[in-house]
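Visitor: I am new to this structure and would like to learn how to read it. Please start with the contacts along the chain.

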Amino acid sequence: MKSLLLIALSLIIGYETALAEPTKRIFVTNENGNSVSVIDGRTNKVEATIDIGKQPRGIGIAPDGREVYVAVSEENAIAVIDPKSLKLLRTFKSGPDPEAFAVHPNGHLYISNEDDAKASVYDPKTGQRIAEIPVGLEPEGVAISPDGKQVIVTSESTNMLHVIAVPEHRVVANILVGARPRAAVFSRDGKEAYATSEISGEVKRVDMVQHTILKKVSLGDDSIKPKDVLLSKDESLAYVAGGRANQVIVLDAKTLEIKTRIPVGKRVWGLAMTRDGSRIYTTNGASNNVSVIDTATHQVVATIEVGEGPWGVVIDD
């Protein structure tokens, strides 16, 4: 009986320690500053700046919260940071010009290699390349379904969403969209996705079972060059980074009707939402700052100065 209790206790301890205690930090890549700004999410103050390499863009966090990954585009590499100590743990080669990536539930990175017209899959623990998948010209955004079975890679010059099946690592659908698709996000059940097109100024809602477009909307202003997109916690709203329009556009997630617009900094690019859905952090590339949006009021409640050319953002919570 004692041995069974010890086994049960060890299993409980192992489960509790599998996930790292979140640091409540926000990590922001500064594309022109070659650095990562670290913001304390409890105070909204910058607590550190990490020199990371030339032209950092995409950023993500391991499923267990123990590592932060940064795409260092001009060095063709992924840098790995400890979110607690803020030390650079290692780097590994990732193929030509890694711009954006997404972290799979199994921990692998799915990376868009812009100069190579390919998506690559890497194990960040070993730096080993798992797969390489040809896609359209200038791949950009990457999104992974919650169950890990589908990956979307947006192709800027081919104007397509390439749907990759996992674990087969083959393209199973090419969905033609508006000019220069940039980013995508899946619904929680994986049955739908939302994608932006920068040049055509569009947002699409996509059926990810039939791989067809359900609805699309033009944001109606030539200054709006949408980039990032995310869903509210209850999935009733879609938030879109409006680029040069210097605003986040809030859409009804079903109808894509514009509900409101939130003024933020210049050339808003990246978006990240806290786990509880109460805050959105935006990277404003031309004003070198981050806006903090209260999702209950859709008001900016803080503006945080960071490095030069903030691009990507991830929250460790």
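Guide: A contact means heavy atoms within 4.5 Å. In the protein, among contacts between residues at least 6 apart in sequence, 40% join residues at least 24 apart. This is a predicted model, where local features need pLDDT of at least 70, side-chain atom pairs count only at pLDDT 80 or more, and totals for chains, interfaces and linings use all residues. Residues are numbered from 1 along each chain as its sequence is written, and side-chain values use heavy atoms, with hydrogens and water left out.

Visitor: How many helices and strands does the protein have?

Guide: Helices (H or I, at least four residues) and strands (E, at least two) are DSSP runs, numbered from the N terminus. Here there are 28 strands and 1 helix.

Visitor: What share of the residues is buried?

Guide: Buried means under 20% relative accessible area, with a 1.4 Å probe and protein chains only. Of the 317 residues in the protein, 58% are buried.

Visitor: Which strand pairs with S4, and in what sense?

Guide: Two strands pair if DSSP finds at least two bridges between them. S4 pairs with strand S5 (residues 68–72) in the antiparallel sense, over 4 bridges. One example is Ile 59, whose bridge partner in S5 is Val 70.

Visitor: What lies between the strands of this hairpin?

Guide: The hairpin of S4 and S5 has 6 residues between the strands, and Gly 65 takes a positive phi near 75° there.

Technical notes: Buried means under 20% relative accessible area, exposed over 50%, partly exposed in between (1.4 Å probe, protein chains only).
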